[in-house]
Amino acid sequence: MAIVLYPGSFDPITKGHMSIIKQATAPKLFDKVVVAILHNPNKKACFFTIEEKLEMIKELYKNNPKVEVITSIKAAVDVAKEYNCQAIVRGIRGLSDLDEEKQLASFNRDLSRGKINTLCFFAEDRYQNYSSTAVREVYSLGKNYSKYVDPFIAQKMRDRRRNI
Ligand code: ADP
């Protein structure tokens, strides 16, 4: 079975992330994508907690047997090993991502002694520039962020505003 790990912060998951998951699970590509919500020490502020994100992304893919959603405090390469993933999948929006992803891929290849390589996808054209950071910014400005995320996630964000 061809399994791939998709690690990230997903804070929140956008249509850009969803496009990467859709492409990785396309017929004859990967049998399963393990979406791993990991703690990113470089991103201190967290919009949703890891537990909230786990619950939300699980709900989003509850009818898709090719998507498993997990959380871990381990390094991506160790999570890949734990879930029998042959590779890591990441996404590229533009040149700044390319540099970062290239470094990360080489770091992960090194840490796994050459066993875990990274495959990068581009989101579908209309979602290519979507980012969690932009969604959080639009949200904090009180503007409409609903086109960037699934309606279920948009509702969760609205609920969050009501609870503040
Ligand atoms: P991280 O905190 O590890 O950067 P993110 O949740 O921000 O995690 O993103 C996870 C991965 O998804 C990264 O490789 C990121 O570049 C990619 N990604 C996010 N949005 C898009 C998009 N719109 N198009 C392509 N790749 C994307």
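K28 is exposed, with a relative accessible area of 85%; exposed denotes over 50% relative accessible area, buried under 20%, and partly exposed the range in between, with a 1.4 Å probe and protein chains only. The model is a predicted one, in which local features need pLDDT of at least 70 and side-chain atom pairs count only at pLDDT 80 or more, while totals for chains, interfaces and linings use all residues. Residues are numbered from 1 along each chain as its sequence is written, and side-chain values use heavy atoms, with hydrogens and water left out.

## Backbone geometry

K28 is located in the loop between α1 and β2; helices (H or I, at least four residues) and strands (E, at least two) are DSSP runs numbered from the N terminus. Although K28 is not a glycine, its phi is positive, at about 70°. R113 likewise has a positive phi, near 50°, and is a residue other than glycine. R113 belongs to the loop between α4 and β5 (117-121) and is exposed, at 76% relative accessible area. A further feature is the cis peptide bond between D11 and P12, with omega about 0°. P12 is part of the loop between β1 and α1. As background, most residues other than glycine have a negative phi, and most peptide bonds are trans.

## Nonpolar cores and a surface patch

In soluble globular proteins, nonpolar side chains tend to be buried together. A nonpolar core is defined here as a set of buried Ala, Val, Leu, Ile, Met, Phe, Trp, Tyr and Cys residues joined through side-chain atoms within 4.5 Å. The largest such core contains 34 residues, and I13, V35, I57, Y61, Y145 and M157 have the most contacts inside it. Two or more residues of this core come from each of β1 (3-8), α1 (15-24), β2 (32-38), α2 (50-60), β3 (67-72), β4 (87-91), α5 (132-140) and α6 (151-163). Helix α1 supplies the largest share, 4 residues.

Which residues does M157 contact, leaving aside its neighbours within four places in sequence? They are P12, F47, F48, V135, Y139 and Y145, where contact means heavy atoms within 4.5 Å. Another core, of 13 residues, lies apart from the largest one and includes L5, A36, I70 and I116.

On the surface, L104, F107 and L111 form a nonpolar patch with about 280 Å² of accessible area together. Patches are made of residues with over 30% relative accessible area and no salt bridge, like charges being joined within 9 Å and nonpolar side chains (Val, Leu, Ile, Met, Phe, Trp, Tyr) within 5 Å; accessible areas come from the Shrake-Rupley method with a 1.4 Å probe, and for residues only the protein chains shown count as cover. L104 lies in helix α4 (residues 95-111) and is partly exposed, with a relative accessible area of 31%.

## Salt bridges

The whole structure has 10 salt bridges, each being a side-chain nitrogen of Lys or Arg within 4 Å of a carboxyl oxygen of Asp or Glu.

| Residue | Partner | N to O distance |
|---|---|---|
| E52 | R160 | 2.9 Å |
| R93 | D97 | 2.7 Å |
| E124 | R126 | 3.8 Å |

E52 is partly exposed at 29% relative accessibility. In the second pair, R93 is partly exposed at 42%, whereas D97 is buried at 9%. R126 is exposed, at 55% relative accessibility.

A network of salt bridges links D11, K53 and R136. K53 is in helix α2 and, at 3% relative accessibility, counts as buried. Apart from neighbours within four places in sequence, K53 is in contact with S9, F10, D11, I37, C46 and F48.

## Cysteines

How many disulfides are found? The count is 0, a disulfide being a pair of cysteine sulfur atoms within 2.5 Å. The cysteine sulfur closest to that of C85 is in C120, at 16 Å, which is too far for a bond. C85 is buried, at 6% relative accessibility, while C46 is partly exposed, at 45%.
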